[in-house]
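Biologist: I have a model open and I'd like to learn how to read it. Could you walk me through some features?

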Amino acid sequence: MDDLENAILICFESGPVEASLKPQAAAYCQQAKEAPDICRICIQKLWFCSLVQVQFWCLQTLQDVLRVSYGSMTLDERSFVRSSVFSMACLEGVDSNENVVRVVEGPVFVKNKLAQVLVTLIYFEYPLVWSSVFVDFMGHLSKGGVVIDMFCRVLNGLDDELISLDYPRSPEEIAVAARVKDAMRQQCVPQIARAWYDIVSAYRNSDPELSATVLDCMRRFVSWIDINLVANDAFVPLLFELILSEGLADQVRGAAAGCVLAMVAKRMEPHSKLPLLKTLQISRVFGLLSEDADSELVSKVSALVTGYAVEVLECHKRLNSEETKAVSMDLLNEVLPSVFYVMRNCEVDSTFSIVQFLMGYVSTLKGLPALKEKQLLHITQILEVIRIQICYDPMYRNNLDALDKIGLEEEDRMSEFRKDLFVLLRTVGRVAPEVTQHFIRNALANAVESSSERNVEEVEAALSLLYSLGESMTEEAMKSGSGCLSVLIPMLLTTKFPGHSHRLVALVYLENITRYMKFIQENSQYIPNVLGAFLDERGLHHQNVHVSRRAYYLFMRVVKLLKSKLVPFIDKILQNLQDTLSQLTSMNFASRQLSGTEDGSHIFEAIGLIIGLEDVPAEKQSDYLSLLLTPLCQQIEKGLMEAKVANGEEFPVKIANIQFAIVAINALSKGFSERLVTVSRPRIGLMFKQTLDMLLRILVEFPKVEPLRSKVISLIHRMVETLGPSVLPYLPKALEQLLADSEQPKEMVGFLVLLNQLICKFSGSLRGILEEVFPVVADRIFKVIPIDGLTPCTGTVTDEEMRELIELQRTLFTFLHVMATHDLSSVFLVKSMTYIEPMTLLLLNASCTHKDITVRKACVQIFIRLIEDWCPKPYTVEKVPGFQDFMSNSFATNCCLLSVLDTSFDFNDANTQGLLSEIITVQRVMYERFGNAFLMHLMSGAFPSANCPQEMAEQYCQKLQASTKRESCFQIAFEIKVSKVNSSASSTTVNSKRCKYLLSMRYLRGNKLYLYERNMLLILSPEVVYSVPPMQCKFFQCNTPDV
């Protein structure tokens, strides 16, 4: 053993080796690779060295050299490597020399690497240099299984490394693959196919593994060779004989099935494919599906059957003649029962999409006037497949009930998996509604009567089918109980389903009741059943907290729909909810509540919706509300006292209790209308007013606790809608306290949103409060928002802080807009005169440059109202000194002219057109209030600053004076923009192919069409338009004033 062999062994050694040896050995091997005679060294060692590590290294080195240096090798070197490697693969000359090593009898990884070297040679040399490689190889197949095996490995390697499109290929590889395939088709593919047939026939019994190898090789090539070479009277009978031979190994039978599948899946025109599918007589293999479902053979036959069905369906879709459609439908009817069996009982091939296939089949039935008996049977089988597929695995039953990490992952997975299946169900329901409803009814009945271990999963699946069906039903169909619905819903309400204690069953049961409430609204005799389902252990009193919390929300939705129909049941409802309400208002609730929308507050909203009806007697209504409000207020009182003395760990729990009580009061009040609590039953309003006093205490005692603050603000919002004007006496103190603690942008946003609601609700009644509040609001906001607007570089703020500032600015604009449009602009003049300048500058900047067009429009509308309020007609005395000059000079120039002429101002955008309309309106308002002085400002300042031609400026002013339609002003504004574009360039002739632009402005004047985009102007006249080809047009960056 020489040094190279030693180095190779060290490199391949996986056991302990001296640390310095491996790097040295690797360096030595790399040095050997770079030797000029490395190919001869490798060939020599392959012939005479029996160490498999050395053999593999030499073959790998040969492959690397061929890939990298083939172009620089001499003809003799190439010939030597070619002949040597081919001799090793075919056992040439080995019989005369006993010392020669037979590489093809080595381990699999060595044989595969030898095949890869041959494939690399074929890549470079076939067919131009080495045209006889395949023919020569076939001449040695008579030497037996070793050479046959190597021949198959070479063909398989050719498929893996070059031909197969299952792997990404470079353009060069695709071109080489086409060259190789074309040459093989012309030269040797028929001989190879004959060799496959002869080898399989000869070795089917004596060497099943070799036969399976040959068949697998054949399967790979079917997709690109002439189909008649394999789909003929010789091969097809042989393949089916192999598949159906019980004495043969499953490996051979499965490989034969793979070959038939390759024929079936071969890309062909449908008129050619259909006869092939018919001649296969695929029904011969259907009986094999009933064997061991886990066997390799059944897996292969399943893939064959489903693949066959897909191709038949595709032919049916693509063929148009009645005759071919009838043939394809017959074949489909023949194979579908076996396909359904596979879907229900076997492992489906990963390349086969159950939903996609079934959806395709169902779509073929949509256009039929009536379904035949066999098609109706298929519909039933499809529904059974859906039912089986959506069933949860029983092994996850406990995880799904407890909803631990594993259960949550499984539920998420199944939720995603079910989506397409439910789409399929609804499609089937539209094609055959009666069959679908009958199936679901039977599924529910069978699930109830079943005693199998999968009972929980089967009940849940049946209920899920019913729930999904409801998504495709119209409201009218649901109300009338069309089809079997009039049987299904009573069955749902009156049946005690097994497994109801399980979370999944309980949830989908309640969801079903909620979904089909339209039916119950029309059939009020079932209301007691609905209440029973929600009020007993199936709903609100379910042992699983996830179910009971969800039941609170669903019960609230039910109450919203039934409302007055529940009045006779109020006492029963409250009696059944007594323990639940007690539990929710206990001080231990916060430690075990769920977060989000299922925190339990919805049950209070549900109760409020019932007892808040005017149908409830006044005295009883007061008693009911007192029963609910009293413990909640007590919870807040107790929580406030305990929170003051609570330590760090207990404090969040106490706050959470207070927080929940506030949320519960908020939810409870949603059922009471303003008219009821303020007019017809003021005693109810008094009870809610008492809660406001408590809220003020919370703001005073815990002003910095954000969760409490947000919940209090939310309740104030609610009380404004519920109590109406009677809430006004409580507002000064509440707003004072809230404003005192609104120091951060996020807090100020919440405060402004509340003010917006109050202004919209009470308008002028809020004037006195706003006069006190606005100076403080303005002072705080203008300290953090610069008057020239926010930019990404505003101060040293984080992304989150910037988002908060942007939100504050947007809310401020809304606040100012609400004030201006509710006749409250006089508030700005009482104690806030010092803030008028920064406010107007901020509004001006936003109206000119804000990226949101709707904000710019709102700012212009604010200015319109300010002019109307501060500049009475006739305009004599200035309420705000300097305001007229500001509007006539700064605003008119920057917003009304320069911002419109900016390239970002898109005349084609609907929002921008709305902004332009407001800009024209504000100019007309300024003309009405300021008179000719405003026009003089335009003529002497604004238009000259924009380099606008005098003639156009005069036309524009005339349009403003004439009170004509806004479109005429649009026209002049457009022409002014065009004239500005024309001030800096000369015309250029362009080819019509280059004139492909999204145009931001289009304008027709006289006989010329003006198209404007990105400071470029295209002018088309009638004679130009019709002079094609070529279109002669002028593309302008022009400086001529006469555009």
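Modeller: Let's go from the overall picture to single residues. Keep in mind that this is a predicted model.

Biologist: Fine. How many helices and strands does the protein have?

Modeller: There are 47 helices and five strands. Of the 1043 residues, 52% count as buried. As for contacts with a separation of 6 or more, 72% of them are between residues 24 or more positions apart.

Biologist: How do I read a nonpolar core, and which residues touch the most other members of the largest one?

Modeller: The general idea first: in soluble globular proteins, nonpolar side chains tend to be buried together. Here the largest nonpolar core holds 351 residues, and Met184 and Trp196 touch the most other members. If you skip neighbours within four places in sequence, tryptophan 196 is in contact with Leu155, Val214, Cys217, Met218, Phe221, Ile225 and Phe235.

Biologist: Next, helix pairs. Are α9 and α10 roughly parallel or roughly perpendicular to each other?

Modeller: You go by the crossing angle, and 65 to 115 degrees counts as roughly perpendicular. The axes of α9 (residues 171–187) and α10 (residues 189–203) cross at roughly 70 degrees and come within 5 Å, so these two helices are roughly perpendicular. Met184, Arg185 and Gln187 of α9 make the contact with Val189, Pro190, Gln191 and Ile192 of α10. By type, that's four nonpolar, two polar and one charged.

Biologist: And what about α36 and α38?

Modeller: Angles under 35 degrees count as roughly parallel. The axes of α36 (residues 731–740) and α38 (residues 767–784) cross at roughly 5 degrees, coming within 11 Å, so α36 and α38 are roughly parallel to each other. On the α36 side the contact is made by Leu731, Pro732, Leu735, Leu739 and Ala740, and on the α38 side by Ile769, Val773, Val776, Val777 and Arg780. Nine of these residues are nonpolar, none is polar and one is charged.

Biologist: Now single residues. Is arginine 538 buried or exposed?

Modeller: Buried means under 20% relative accessible area. Arginine 538 has 11% relative accessibility, so it counts as buried. You'll find arginine 538 in the loop between α27 and α28, with its side chain making a polar contact with the side chain of tyrosine 509 at 3.2 Å. Arginine 503 has 3% relative accessibility and counts as buried too. Arginine 503 sits in helix α25 (residues 503–515).

Technical notes. Residues numbered from 1 in each chain as written. Predicted model: local features only at pLDDT ≥ 70, side-chain atom pairs only at ≥ 80, totals over all residues. Heavy atoms only, no water. Axes fitted to C-alpha atoms, helices over the stretch in contact; angles between N-to-C directions. Helix = DSSP H or I, 4+ residues; strand = E, 2+ residues; numbered from the N terminus. Parallel < 35°, antiparallel > 145°, perpendicular 65-115°, else oblique. Contact = heavy atoms within 4.5 Å. Nonpolar A, V, L, I, M, F, W, Y, C, P; charged D, E, K, R; others polar. Core = buried A, V, L, I, M, F, W, Y, C linked by side-chain atoms within 4.5 Å. Buried < 20%, exposed > 50% of the residue type's maximum accessible area, 1.4 Å probe, protein only. Polar contact = N/O pair within 3.5 Å; in protein donor to acceptor, adjacent residues only side chain to side chain.
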